[in-house]
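The exercises below are meant to be worked with the sequence and the coordinates open side by side. Please try each task before reading its solution.

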Amino acid sequence: MAKREPSITTENFTAVQLMELDSCSRCGECVEWCPTYDASGQDPGLAPRDKILRWREYMNQSYGLRAKLFGPKEISEDDIEQFKNDVYGCTTCGMCATVCESGINTVEIWESMRANLVKRGNGPFGKQGAFLKLIGEYKNPYMADNKDRTNWFPEDIKIEDKAEILYFGGCTAELRQRKLALATARVLNKLGIKFTMLGEDEICCGSALIRTGQYYINDIAKENAQKNVDNIVAKGSKIVLYACAGCFRASKVDWPRLTGKELPFKVMHITEYLQDLIEKGEIQWEKSVDKKVTYHDPCHLGRHVGVFEPPRAVLEAIPGIEFVEMDRIKENQRCCGAGGGVKAGIPDLALGVASTRVEDALATNADLLSSACPFCKRNLSDGRDAIGAKELEVEDVIVLTAEAMGIDLSDTPDE
Amino acid sequence: MDYFAGVTDALRVTFVQMMLISFIAMGIFVVGMYINLKKWGMGSTGYGAAPSKSIMAFPKMLMYQMSEHAHVHNQSVLETFVLDILFQRRILRRSPLRWFMHFTIFVGWMVLFAMSGAMFAVEMIHLIGEKVGYAHDLPWFMIPETFRELLSVPNDVFSYILLIGIIIAIYRRLFVAKVREATIAYDSILLIGLTLITISGFVADGIRTGRLWGLGIDSELAPPMALFHVVISLLFCIAYIPFSKYIHVIAIPLALLANKGGE
């Protein structure tokens, strides 16, 4: 009789990740801090600790001592399907990694689990399955003509053909939240910084594919990353600026992994760049923004790559702003709920997490909740609307910067 | 051969028995770790790469990650080893009580383990010395009875440190609702094993010395009690490590090293 095959494979897991499953001490800290576990009404399946336990059991049933002696134990398809639903109920915010007493890199384990399940035929979740086709076909996840990335810029925007500095706009800012792209371009213009953009040659950074475990299919994410790198190099750029935390994280962390090479240019979030200019006294403020402002750290900008201070430095430099912090900030920040494909796959869950974060902001009595990521802005705005907190404005740090520099954004075209 | 670190003939457990159990325990441990290394080696040696299926995959990936530049924390191996592995600051950051509990268990356990190892080494050196003829040249503290006496007080101190940690752990598992509700057999077995080893150690020592923990038990029962303590210690704390939650004593330091102390 043929020996039964294991129900799961170890595809897309590294050897260290498989070891990390055995290093969970089940202290429960991750459960205490997980935003989706909380927003789901404490669904035990969403608890990070539980996911580690279940996959460890699957591994032992498939490749442990008993499996070696008597053959692998079958894991039911229902169990695996349920596991898939649970592992996609995560924004990959990384809070569990921050509080993990064993130092487990949980975010990358969730992404590996997702990639494994996609390969197995279980993942991704719901509408996330469309990312691959859309990004493969349209080069962006919004089914937009890629020419529309920058051809809408008003005539006053000056973009060089080639320059040392390149602004990588990102799909969301260029195609959906154009105010942010326009604000970034006008701020750079007003500061006299010559910059270029990829325009229709820009391709989705791949964040949506990577976070949802679809990065390796047809090598789309890898090819796109390489094309973006090549196109940036062709522009002669040495510094690439981002106003989108998701694109920034993907470029800084994921592109080198996908392409197998270090980036031949420096990547910076726009707030890091502005902080430098502020410290050199090179920004002239023209208007006072008389508002009480709080700041939400995007997971991809903060916990994932450690950029916590620059957005705060920019906000604190803007005349008139009274800056206040929420209770949970920086490493301990609460996720907005949009990441990891949750906004596309499980919008109700995303909204629940966002509502809690908006309540954090309301507790500070702030007039405005700022962030440095268009995806956070979108979900926090939805969260605000869901709880009816109309009085709370949600805006990006760069838009506030533009306002304080006396830049008019009223001509932002509709999306 | 009839050798044992006890002080009188009545307290002796045969050397052969002890060595046999030790080798069995070590053998089971080695086989278990081999199975674990094979299991971990089912992963790849690079992100997105194909599974390696080589027993060398884990050490290769570990070395790669340890040498890779981290985007957030990029601390040294030494800092990780001292502050995260030995001092366990990640636990302290989250819960001082849980840190105190775990640290007392860790310190108590490791020191007792080291002292047991040292005692074993002294006995072996002396035993071989007696056979070969250099025993009388050994320094005074290398005489097993003297060495045992030297370790007597630290043994007591670290045993009680360990016991304090275990009592806190049992209290949490029984009386803190959140912890109790989340407890599964995987957790319980670890704590039950640890408690059994520690209590049997106290009782074995108490019977041998006739002190409080002897519970008035006849000293003739000291050897079997000592044997019981040694057997379950070796089985739980060496042989059972690769197959249970005890694996965390190996896996957590490795995870901390791989992730440069974690996020």
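This is a predicted model: local features need pLDDT of at least 70, side-chain atom pairs count only at pLDDT 80 or more; totals for chains, interfaces and linings use all residues.

**Exercise 1. Classify the ring pair formed by Trp99(B) and Phe103(B), and place it in its helix.**

Step 1. A search of the whole structure finds 22 aromatic pairs over all chains. In the pair to be classified, the ring centres of Trp99(B) and Phe103(B) are 4.8 Å apart and the planes meet at 15°, and because planes under 30 degrees apart count as stacked, this pair is stacked.

Step 2. Both residues belong to helix H5 (residues 96-132) of chain B, where they are four residues apart, or about one turn of the helix.

Step 3. Trp99(B) has a relative accessible area of 15% and is therefore buried, whereas Phe103(B), at 22%, counts as partly exposed.

Step 4. For contrast, take Phe236(B) and Tyr240(B), whose ring centres are 5.8 Å apart with planes at 80°, so that this pair is edge-to-face. Tyr240(B) is itself partly exposed, with a relative accessible area of 28%.

**Exercise 2. Find which residues of chain A are linked by ring pairs into a cluster, and which lysines lie over the face of a ring.**

Step 1. The ring pairs join Phe13(A), Trp55(A), Tyr58(A) and Phe83(A) into a cluster.

Step 2. Turning to the charges, Lys51(A) lies over the face of Trp110(A), at 5.2 Å from the ring centre, and Lys119(A) lies over the face of Tyr216(A), at 4.2 Å from the ring centre.

**Exercise 3. Describe the nonpolar patch on the surface, and locate Phe243(B) within its chain.**

Step 1. The patch is formed by Leu65(A), Leu69(A), Phe70(A), Leu20(B), Ile24(B), Ile28(B), Leu235(B) and Phe243(B), which together have about 760 Å² of accessible area.

Step 2. At least two residues of the patch are supplied by helix H5 (65-70) of chain A, and at least two by helix H1 (15-40) of chain B.

Step 3. Phe243(B) is found in the loop between helix H9 (222-239) and helix H10 (248-258) of chain B, and with a relative accessible area of 32% it is partly exposed.

**Exercise 4. Summarise the build of chain B, and then locate Thr14(A).**

Step 1. Chain B contains 10 helices and zero strands. Its C-alpha trace spans about 65 × 50 × 30 Å along the principal axes, and buried residues account for 43% of its 263 residues.

Step 2. Thr14(A) lies in the segment before helix H1 (15-21) of chain A, and at 1% relative accessibility it counts as buried.

Step 3. The C-alpha atoms of Thr14(A) and Asp385(A), residues that are 371 apart along the chain, are separated by 42 Å.

Terms used. Residues are numbered from 1 along each chain as its sequence is written. Chains are lettered from A and ligands numbered from 1 in the order in which they are written. Side-chain values use heavy atoms; hydrogens and water are left out. Rings of Phe, Tyr and Trp (its six-membered ring) pair if their centres lie within 6.5 Å; planes under 30 degrees apart count as stacked, over 60 as edge-to-face and the rest as tilted. Buried means under 20% relative accessible area, exposed over 50%, partly exposed in between (1.4 Å probe, protein chains only). A charge sits over a ring if NZ of Lys or CZ of Arg is within 6 Å of the ring centre and within 35 degrees of the ring normal. Patches are made of residues with over 30% relative accessible area and no salt bridge: like charges are joined within 9 Å, nonpolar side chains (Val, Leu, Ile, Met, Phe, Trp, Tyr) within 5 Å. Accessible areas come from the Shrake-Rupley method with a 1.4 Å probe; for residues, only the protein chains shown count as cover. A salt bridge is a side-chain nitrogen of Lys or Arg within 4 Å of a carboxyl oxygen of Asp or Glu.
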